[in-house]
Amino acid sequence: MGNRRITRRQFIQRSGAAALGASFAGTLLAGCGGGSEGGSGQVAYWSNLEGSGPQDYFGKNIETPFEKSNKGTQLKVTFQPPDEMDRLLRTALQGGEGPDIVMTPGPAYAQEYIDANLFAELDDYAGQYGWDDKLLGWALDLGRVGGSLSAIPYQLQTMLLYYNKSLFGEMGMKPPKNRDELEAMAEELSGQGITPFAAGIGDDPASIEWYPTVFWNHYSGPDALYQALTGETKFADPIFVEAIELFKTYVDNGWFGGSQERFFSNGFDTLHADFGEGKAAMNVEGSWFMASAVDFFGQAAGNENDWDWTPLPPLREGVPPELYELGIGSTLSVNQSAQNPEGAAAFVDYLVADKARVTEWMAAVPSAFNAPLPFQEGDFPSSMDPRVERQLVSLSQATSEGNFGYTNWSFFPAKSTVYIQEEMQKVLTSDITAAEYCSGLDEVFKEDRKEGLVPKIIKPGSA
Amino acid sequence: MEANHTAAVPKRAPGSLRRRRRMLAWVFMLPLLVVNVLVILGPSVATIYYSFTDWSGLGPAEFVGLENYREILSDGDFYLAMWHNILWTLIFLTVPISMGLLGAFLLSQINRFQIFFRIVYFIPYVVASVVNAALWQNILDPDRGIGSTLASIGIPFLDGVSFFGSERLALPAVAFVNNWAWWGFVVLLFLTALQSVDAQLYDAAKVDGAGRWQQFINVTIPGIRPTLVFVVLLTIINSLLVFDYVYIITRGGPAGASEVVGTLMYKEAFERFEAGYAAAMGLGLSFVSGLIVLVFIFLRRRGWEI
């Protein structure tokens with residue numbers, strides 16, 4: 001193995017970022033557009049907001065007021081598809097382009113950019129804007145690598161158990177508090193022709209990772225995950241294998257999506273419609289679902305049903321009863337080659353640090369602007385859905401008390417994450433066993449650890 | 001006048017004109033050449049380099065020699081994906097080509113509404129693959145698609161069948177969708193070729209007592225052989241490079257049941273961040289495509305009428 005290094009100038013700038021072959025050339029070159037145009041005062045920001053509603057809201061309520069309150073700084077916003085964001089960023093940054101404010105899909109991704117020295121250090125700005133006093137401590141810890149702050153966790157999320165409140169009312173059911181109750185309910189619902197959990201990965205096969213996340217956190221527990229993520233124990237240990245076996249059993253029972261094949265093919269619209277119509281009783285999904293629940297429940301969806309959420313119950317003795325997996329939808333950083341780093345940092349501060357502003361935005365566009373701030377009851381405007389407020393306060397309080405778990409997409413490196421997504425399907429189709437799956441993950445994770453790709457793992461309060 | 005004019009032109013003029021014309025041709029070709037060098041040759045050279053490196057797509061690349069190629073040779077996922085490409089090729093060498101020949105032959109027999117049918121057959125080809133895919137995902141939805149509609153009128157054999165969720169059906173189902181968009185184009189190619197076959201050959205065959213099938217085998221097929229070979233070559237290369245429909249509909253799932261090299265390569269590059277390994281994979285695929293083209297050229301030079 002040699003160690004000859006090449007530079008960006010030698011290969012990448014000249015040939016564009018289409019280095020993976022002519023078949024990808026068009027797509028990759030497209031990613032080079034939209035970068036910072038430099039010029040004094042301009043700050044380029046790529047946002048992952050989807051839909052004309054949230055994008056218009058951003059323009060009117062965030063972009064314009066920011067420019068007004070920061071004379072001389074012009075914000076140049078480009079909305080990128082969330083699924084494509086990292087690929088476009090990777091290409092642009094490698095080519096010396098890209099936005100001034102860099103949004104990555106999570107800490108594990110940010111780590112790679114930090115290692116490649118593509119992000120500016122934010123410590124001075126943290127002092128200038130008082131982020132240590134405003135933001136949650138664990139969030140800043142997570143963005144610090146080698147003692148320097150380089151990324152701010154943003155768009156906080158967690159996994160929840162949603163239930164069709166109207167259906168539960170009709171059937172005299174209450175949200176399950178433990179595994180026995182959950183399984184008894186699933187049996188009863190199945191017997192009555194109702195799918196216990198609306199589920200499917202047809203639109204986004206990677207979303208299968210929600211389930212290992214849920215079963216490892218609520219069966220194996222956050223302490224076991226912390227130990228494995230920090231290399232103290234192995235993912236091949238029985239406690240992780242058993243969690244995956246339990247999930248497979250539930251899928252084999254037809255509890256998730258109706259059948260294994262439907263679990264593979266159901267798209268989000270189908271599964272959410274089933275949930276709203278009462279064909280399915282519950283839905284294991286992230287807090288982001290609250291933003292679209294209105295499309296599937298009530299008059300707008302052509303039914304009279306209502307929804308609510310509850311924390312996912314512990315699936316084994318000893319796991320905390322109210323546990324929230326910590327998910328970080330994105331991180332915010334300042335491009336090392338930003339033309340206007342002060343303006344970029346000012347916008348990061350504007351976006352995350354002012355509770356009054358942020359809560360307004362969070363009420364208007366649920367889950368899009370969840371900043372790492374210590375929220376309490378009464379912090380939010382009256383226009384906010386009380387279910388959303390309850391979730392935000394619960395997550396904020398739980399994480400500040402150390403009562404949190406780990407989502408795969410936030411705390412596992414990219415290769416381990418892809419392994420979790422890809423190979424999980426093979427467990428469900430019985431191509432591999434749960435033990436083989438976990439052993440395989442252990443090997444991939446060890447490689448990731450050896451390469452220093454594991455992001456900082458914050459310790460849960462119970463560990 | 002003419003003689004005087006001729007006499008006035010220097011003897012070297014025709015050669016000079018030819019040179020100027022050649023120069024002009026090069027001038028016209030130059031922009032295209034520059035574009036090709038920039039978007040094909042440059043990235044291709046870079047791809048060759050990166051295939052010998054361990055590169056994540058970010059930062060510097062570490063030279064690893066033939067390591068990526070060695071890894072490919074022991075990569076079960078790559079072999080499975082390549083096998084799916086071969087199956088895909090076999091499907092597309094048979095189904096759309098047979099349908100295309102039949103469609104073109106039937107269309108050649110009618111005059112009225114021929115243009116209408118040509119347009120109808122061709123429309124799916126010009127519709128964006130993402131639209132075609134969404135259309136068929138809805139049509140083949142196990143709960144809300146054609147299966148449940150047929151079941152509601154007493155034909156239940158497709159009810160609840162999850163075409164894209166079944167390991168057994170996913171690959172052929174995606175191929176079916178892609179074929180739906182592709183075969184109309186093949187019809188038009190064959191129809192154009194059929195129209196250039198000399199009608200007198202059919203008359204002569206009839207006089208010799210040839211039936212429809214014998215006319216098809218002995219007149220039509222030889223008459224459209226260059227187009228047929230072109231379509232076969234196009235099909236093989238397209239099948240090796242297939243990506244869009246698989247990525248849009250199943251992303252290679254479930255559990256790799258519809259994974260092809262194109263989607264695997266994408267995942268390696270942009271999900272696992274093994275850009276060097278993906279480059280080696282892409283180069284391997286290009287090598288196979290190039291080999292097939294070379295075989296065709298070789299056979300043609302050996303006198304095969306293809």
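Predicted model: local features only at pLDDT ≥ 70, side-chain atom pairs only at ≥ 80, totals over all residues.
Let me begin with one pair of residues: the side chains of A:K415 and B:E274 meet in a salt bridge, with 2.9 Å from N to O, where a salt bridge is a side-chain nitrogen of Lys or Arg within 4 Å of a carboxyl oxygen of Asp or Glu. Between chain B and chain A the count is six salt bridges.

Residues are numbered from 1 along each chain as its sequence is written, chains are lettered from A and ligands numbered from 1 in the order in which they are written, and side-chain values use heavy atoms, with hydrogens and water left out.

How much area do chain B and chain A bury between them? The value is about 4,300 Å², with 57% of it on carbon and sulfur atoms; buried area is the accessible area (1.4 Å probe) that two parts lose on being put together, summed over both. On the side of chain B, the residues that lose the most area to chain A are B:L58, B:F270 and B:F273, which together make up 15% of what that side buries.

If we count residues in contact, meaning heavy atoms within 4.5 Å, chain B gives 47 residues and chain A gives 51 residues. The elements of chain B that give two or more residues to this side are α2 (13–50), β2 (62–63), α13 (261–270) and α14 (275–301), helices (H or I, at least four residues) and strands (E, at least two) being DSSP runs numbered from the N terminus. The largest share, seven residues, comes from α2(B).

Now let us turn to a sheet in chain A. Four strands form an open sheet in the order β8-β9-β7-β10, with mixed pairing, and two strands pair if DSSP finds at least two bridges between them. Because β8 (195–197) and β10 (307–310) of chain A stand at the edges with a single partner strand each, one side of each is left without a neighbour in the sheet. Strands β7 (residues 159–164) and β9 (residues 280–286) of chain A run antiparallel and are joined by five bridges, and A:L161 stands opposite A:V284 in β9(A).

Finally, helix α11 (residues 210–220) of chain A packs on the sheet, touching β7 and β9 of chain A, and its direction makes about 90° with that of β9(A). Such angles run from 0 to 180 degrees between N-to-C directions, with axes fitted as lines to C-alpha atoms, for helices over the stretch in contact.
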